[in-house]
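Please open the structure in your viewer and keep the selection tool ready.

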Amino acid sequence: MIALGPMLFEQWWLNHYPKAALGLAAITLGYYLIGLPHEARQTVAHTGLEYLSFIALIGSLYVVSGGIHI
């Protein structure tokens with residue numbers, strides 16, 4: 001939907017993009033929190049934490065290599 005929405009329903013998509021994006025994210029998050037077995041939820045949580053540490057690493061490398069002062 002996020003890939004085809006802007007092409008197929010351009011005017012509607014421009015007016016309702018935040019609601020559509022949050023709705024699709026809520027469906028995905030609901031599946032991860034309710035639909036998956038307990039063991040799979042632990043795996044998803046662990047992977048999410050690893051992803052956040054990776055994003056922190058990439059962000060810090062970007063700041064250091066670009067000489068950006070925060």
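This is a predicted model: local features need pLDDT of at least 70, side-chain atom pairs count only at pLDDT 80 or more; totals for chains, interfaces and linings use all residues.

Residues are numbered from 1 along each chain as its sequence is written, and side-chain values use heavy atoms, with hydrogens and water left out.

**The whole chain.** Colour the protein chain by pLDDT, the predictor's confidence in each residue, from 0 to 100. The mean is 87, and 93% of the residues reach 70 or more. Among the elements of the chain, helix H1 (residues 5–8) has the lowest mean pLDDT, 83, whereas H3 has the highest, 90. Helices here are DSSP runs of H or I with at least four residues, numbered from the N terminus.

**Helix H3.** Select residues 38–66, the 29 residues of H3, which reach 42 Å from the first C-alpha to the last, close to the 42 Å expected at 1.5 Å a residue; the expected span is 1.5 Å times one less than the number of residues. Towards its end, select Gly66, which is found in H3 and is exposed, with a relative accessible area of 51%. (Buried means under 20% relative accessible area, exposed over 50% and partly exposed in between, with a 1.4 Å probe and protein chains only.) Gly66 and Gln42 are 24 residues apart in sequence and 36 Å apart in space, C-alpha to C-alpha. H3 is followed by Gly67, whose phi is positive, near 70°.

**The aromatic rings.** Rings of Phe, Tyr and Trp (its six-membered ring) pair if their centres lie within 6.5 Å, and planes under 30 degrees apart count as stacked, over 60 as edge-to-face and the rest as tilted. By this rule there are three aromatic pairs. Select Trp12 and Trp13, a tilted pair with 6.2 Å from centre to centre and 45° between the planes.

**The nonpolar patch.** Finally, select Leu49, Tyr51, Leu52, Phe54, Ile55, Leu57, Ile58 and Leu61, which form a nonpolar patch on the surface with about 810 Å² of accessible area together. One of them, Leu61, lies in H3 and is partly exposed at 47% relative accessibility. Such a patch is made of residues with over 30% relative accessible area and no salt bridge, with nonpolar side chains (Val, Leu, Ile, Met, Phe, Trp, Tyr) joined within 5 Å; a salt bridge is a side-chain nitrogen of Lys or Arg within 4 Å of a carboxyl oxygen of Asp or Glu.

Definitions and conventions. Helices (H or I, at least four residues) and strands (E, at least two) are DSSP runs, numbered from the N terminus. Patches are made of residues with over 30% relative accessible area and no salt bridge: like charges are joined within 9 Å, nonpolar side chains (Val, Leu, Ile, Met, Phe, Trp, Tyr) within 5 Å. Accessible areas come from the Shrake-Rupley method with a 1.4 Å probe; for residues, only the protein chains shown count as cover.
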